[in-house]
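These are my notebook entries on one structure. I set down each item as I looked it up.

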Amino acid sequence: MSRVRLSFLVFLFSFSLSPAQWTSLGNLDSSRVEGNALLVFSTGRVLTIRLLSPDLVRIRLSRIGETETPATPAVIKSSWAPVRFDMSNSPSSVDIRTEKGTIRVAKNPVRVSFLDRSGAVISRDDNKGMAWDGKEVRVWKEMPQGESYFGFGEKSGRLNKRETHLTMWNTDIPAYKADTDPLYESIPFFYGIRSGKAYGIFFDNSYRSSFDMGKESDTRYSFGAAGGELNYYFFFGPSPKDILSRFTELVGRMPLPPLWSLGYQQCRWSYTPDKRVREIARNFRDRRIPADVIYLDIDYMEGYRIFTWNNERFPDPAGMVKDLSKDGFRIAVIVDPGIKHDPSYAAFQSGSAGDHFLKYPDGKLFIGKVWPGECAFPDFSSSAARSWWGAQFKVLTDAGVRGWWNDMNEPSVFDVPTKTVDLSVIHNDDGRMTTHEKNHNTYGMLMTQATYDGVRRLVPNERPFVLTRASYAGGQRYSAAWTGDNVASWEHLQMAVPMCLNLSISGQPFVGSDIGGFIGYPSGELFARWLQLGVFTPLMRAHSVINERNKEPWEFGPEIEAVNRTTIELRYRLLPYIYNTMHQASQTGIPAMRPLVFEYPEDPESYWNETEFMFGDQILVAPVLWEGATKRSLRLPEGSWYDFWTGKKYKGATRVTVDAAIDRIPLFVRAGAVIPMQPVVQYVGEKPLDSLTFVVFPGKQSTSLYYEDDGLSFAYEKGAYMKRSVVYKEDGASREVVLGKAEGTFKPGQRSVIVKMVDVASKPASVMKGSARLSVISKDEVGKIEGWYFDEVNHEVFVSFSDSRSEISVSIR
Ligand code: GLC
């Protein structure tokens with residue numbers, strides 16, 4: 001063994017031999033109540049237990065005398081309604097009781113437990129409890145048998161994170177694997193779920209943190225960070241939806257995205273020059289494959305200088321963007337944080353003049369290498385730097401660009417062992433002047449904030465679309481997220497599902513993976529299957545690395561091209577439903593993509609199911625993730641379900657196997673669901689939504705909401721939307737759909753509505769609209785005149801009429 005290797009081993013050994021010297025909280029010295037908080041003094045520290053709502057409590061361990069400030073930019077809600085609670089003090093503990101549960105602080109030593117209303121323990125500190133070692137902080141909690149863990153933002157590997165060790169440290173890691181950790185994005189938030197009941201924990205600490213979910217021990221788990229305070233929020237639940245809704249109330253929700261960003265998006269590194277961009281656009285339109293967005297990767301710039309155009313490749317960007325917009329395309333461009341260290345470059349000049357770049361404690365600029373070579377890095381934690389950054393977009397917004405792809409913002413730095421900015425570098429951090437160690441994990445999120453706010457100021461009447469690789473909890477307020485540099489392999493397609501699901505339930509609903517795989521080349525089959533999954537990821541974007549063969553949807557031969565066309569058409573047909581699920585996410589935080597355990601926590605079979613998911617309230621998606629598969633076996637949750645494709649009805653709580661030929665992604669719809677759909681369009685806004693079809697899958701009575709607006713502006717914030725309830729009910733032989741009176745000032749214009757009911761055994765005796773009996777029309781007249789048509793082959797009834805704002809009831813008997 002070489003001496004170098006030996007000394008390396010000795011180094012490793014001594015490292016592992018010096019175990020952390022944890023000091024755990026000891027006995028309670030004193031305690032007092034201040035407003036909605038209990039302050040507990042022990043071991044020279046103060047533990048603050050602050051009630052924010054009956055089901056949400058903040059736990060903070062700090063040095064005595066340190067003021068309570070937001071630990072990171074994640075939390076945006078600071079004022080909460082007073083919480084009613086009572087408190088009891090016994091020799092062994094202090095109990096704080098709200099209508100949702102009890103927080104019990106044991107006194108000797110100080111340990112915290114959370115109990116439900118019946119007094120049963122939901123979660124409790126292990127005997128090590130809360131502790132510190134130098135700058136490090138950590139808490140250990142008991143890990144009950146059968147408790148599973150979900151969330152944690154962007155993590156590869158399986159959905160259920162029990163028995164894993166996870167680190168939060170935003171990292172540029174191309175071609176990551178199932179066991180690669182950490183990745184690009186950090187959301188230190190998770191759910192513990194057992195026996196149908198969930199609780200949530202958000203550890204709001206942006207330092208490098210780690211979560212050991214039973215990898216080190218099978219009776220306890222722990223989380224902690226390399227610095228900062230032991231500061232976490234506990235959500236009582238017990239429903240995962242309530243937890244997520246409360247969590248996103250705390251850290252903010254995704255604003256309603258522009259409708260076009262929910263269309264199909266085409267990317268590659270790089271479409272260049274302008275001629276190639278036009279050629280791609282032409283191909284989509286000529287081949288009748290719908291698409292909304294084309295991306296420009298780093299080669300549109302002059303020597304990778306952000307906020308510049310390469311004049312040779314793109315001599316007339318505004319002209320190009322304008323021509324493409326006539327054809328219904330929006331252009332998105334990549335924007336990296338690194339500003340080339342070049343005294344003759346305008347952004348470097350103004351950034352230096354305004355003192356907006358990161359510096360070492362001695363005032364020297366931090367310089368790191370990225371695509372342009374040596375770069376300075378904006379300090380996005382300073383509001384002045386954020387405004388400066390935002391203003392730079394003018395050269396791009398003036399050219400008509402409307403999509404903002406924020407990349408490399410972990411931030412990634414080439415050729416240094418840490419792969420990022422030096423940890424000693426100072427950030428403004430709202431005047432606190434803290435190190436990169438603290439600001440690393442929030443860097444990407446603050447970049448997206450600067451981008452979103454800046455673009456919104458420049459184009460005030462349009463909703464910005466920002467896409468990011470790195471972020472932190474709450475990042476959904478500014479940006480969608482994609483799962484970074486994946487690989488064109490079946491394993492990566494499989495991984496995309498749990499990754500997007502865990503991200504979704506961590507507060508970020510606008511997610512997707514690079515369709516087809518970024519690195520490497522997919523078979524036509526793999527691409528087609530990935531695209532099908534993409535219909536049911538809110539971000540539907542295909543991408544490719546440089547120096548790889550073309551991967552556009554038509555590049556895999558005519559058969560796969562036809563399949564891909566139908567797949568993308570399905571996305572556009574479902575757009576009203578998809579937009580409604582995104583609207584719901586913007587209002588409640590409940591995402592489009594939901595693991596079955598999130599929707600059915602009582603179902604023990606859901607805990608390990610990571611190949612199926614719910615998309616919105618009504619659709620169960622069982623994507624095909626295996627090469628050569630022509631069938632798909634899946635589990636239907638409880639209730640009754642319809643096969644979306646065949647209309648066949650199934651009883652749930654069982655496994656079924658269905659056909660899954662290359663052109664079919666298995667989909668099931670909850671019985672009782674009403675799904676809004678539209679005809680195929682080539683892009684958003686090609687024509688007005690006409691006809692609007694409500695597809696009814698008969699079953700239990702149901703109520704849903706139908707939401708629509710202009711899809712582009714902020715006018716909806718002032719009431720310019722159209723909202724109506726959609727109720728389905730059955731009574732004996734009669735089935736009725738009631739579209740409630742329209743609310744809001746948005747007027748969709750004259751159009752027809754079709755109520756399409758599936759699973760109608762025989763020709764109805766009568767079809768009524770309100771009290772009027774409708775007459776029979778032909779198939780071709782559906783969507784054109786009032787009346788109804790019965791398709792006796794497929795057992796479907798189509799009821800056609802013109803839309804109005806008043807209540808409309810349609811009944812069939
Ligand atoms: C990074 C991004 C990738 C992009 C490339 C070039 O690898 O993750 O999506 O294409 O940089 O900009």
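**Entry 1: Met433**

In which loop does Met433 lie? I located Met433 in the loop between strand 26 (426-427) and strand 27 (434-435). I note here that the model is predicted. I then looked up the backbone of Met433 and found phi near 50°, a positive value in a residue other than glycine. Met433 has 48% relative accessibility and therefore counts as partly exposed, since that class runs between 20% and 50%.

**Entry 2: Tyr304**

I turned next to Tyr304, where phi is near 60°, again positive in a residue other than glycine. I placed Tyr304 in the loop between strand 20 (293-296) and helix 4 (317-326). Its relative accessibility is 28%, so I recorded Tyr304 as partly exposed.

**Entry 3: cis peptide bonds**

I looked up two cis peptide bonds. One joins Trp269 and Ser270, with omega at about -10°. Ser270 is in the loop between strand 19 (265-266) and helix 3 (274-286). The other runs from Thr272 to Pro273, and its omega is near 0°. Pro273 also belongs to the loop between strand 19 and helix 3.

**Entry 4: the ligand**

Which residues are around the ligand? I listed Trp269, Asp297, Ile298, Ile334, Trp371, Trp405, Asp407, Arg469, Trp482, Asp485, Phe518 and His543. Sorted by class, this shell holds seven nonpolar, one polar and four charged residues.

For Asp485 the distance is 2.5 Å. For His543 I noted 2.9 Å. In Asp407, a side-chain N or O atom is 3.1 Å from a ligand oxygen. Taken alone, the ligand exposes 310 Å², and the protein buries 97% of that area.

**Entry 5: helix 2**

I checked the length of helix 2 (residues 240-251). With 12 residues at 1.5 Å a residue, helix 2 should span 16 Å, and its end C-alpha atoms are 16 Å apart, so the two values agree.

Where around the axis of helix 2 do its buried residues lie? I first wrote down the buried residues: Pro240, Ile243, Leu244, Phe247, Thr248, Leu250 and Val251. They cover an arc of only 150° around the axis, and therefore lie on the same side of helix 2. I recalled a general rule here: an α-helix has 3.6 residues a turn, so residues three or four places apart point the same way. Just after helix 2, I found Gly252 with a positive phi of about 95°.

**Entry 6: helix 12**

I made the length check for helix 12 (residues 575-588) as well. Its 14 residues reach 20 Å from first C-alpha to last, close to the 20 Å expected at 1.5 Å a residue. How many of the 14 residues of helix 12 are buried? I recorded 11, and so helix 12 is mostly covered. Among the buried residues are Leu575, Tyr577, Met582 and His583.

**Entry 7: Ser382**

My last entry concerns Ser382, which I found in the loop between strand 24 (373-376) and helix 6 (383-391). Is Ser382 buried or exposed? At 11% relative accessibility, Ser382 counts as buried, because the cut-off is under 20%. A polar atom of the Ser382 side chain lies 2.9 Å from the backbone nitrogen of Ala385.

Terms used:
Residues are numbered from 1 along each chain as its sequence is written. This is a predicted model: local features need pLDDT of at least 70, side-chain atom pairs count only at pLDDT 80 or more; totals for chains, interfaces and linings use all residues. Side-chain values use heavy atoms; hydrogens and water are left out. A residue is near a molecule or strand if one of its heavy atoms lies within 4 Å of it. A polar contact is a pair of N or O atoms within 3.5 Å; within protein, one must be able to donate a hydrogen and the other to accept it, and residues adjacent in sequence count only if both atoms are side-chain atoms. Accessible areas come from the Shrake-Rupley method with a 1.4 Å probe; for residues, only the protein chains shown count as cover. Ala, Val, Leu, Ile, Met, Phe, Trp, Tyr, Cys and Pro count as nonpolar, Asp, Glu, Lys and Arg as charged, and the others, Gly among them, as polar. Helices (H or I, at least four residues) and strands (E, at least two) are DSSP runs, numbered from the N terminus. The expected span of a helix is 1.5 Å times one less than its number of residues. Buried means under 20% relative accessible area, exposed over 50%, partly exposed in between (1.4 Å probe, protein chains only). The arc is that of the directions from the helix axis to the C-beta atoms.
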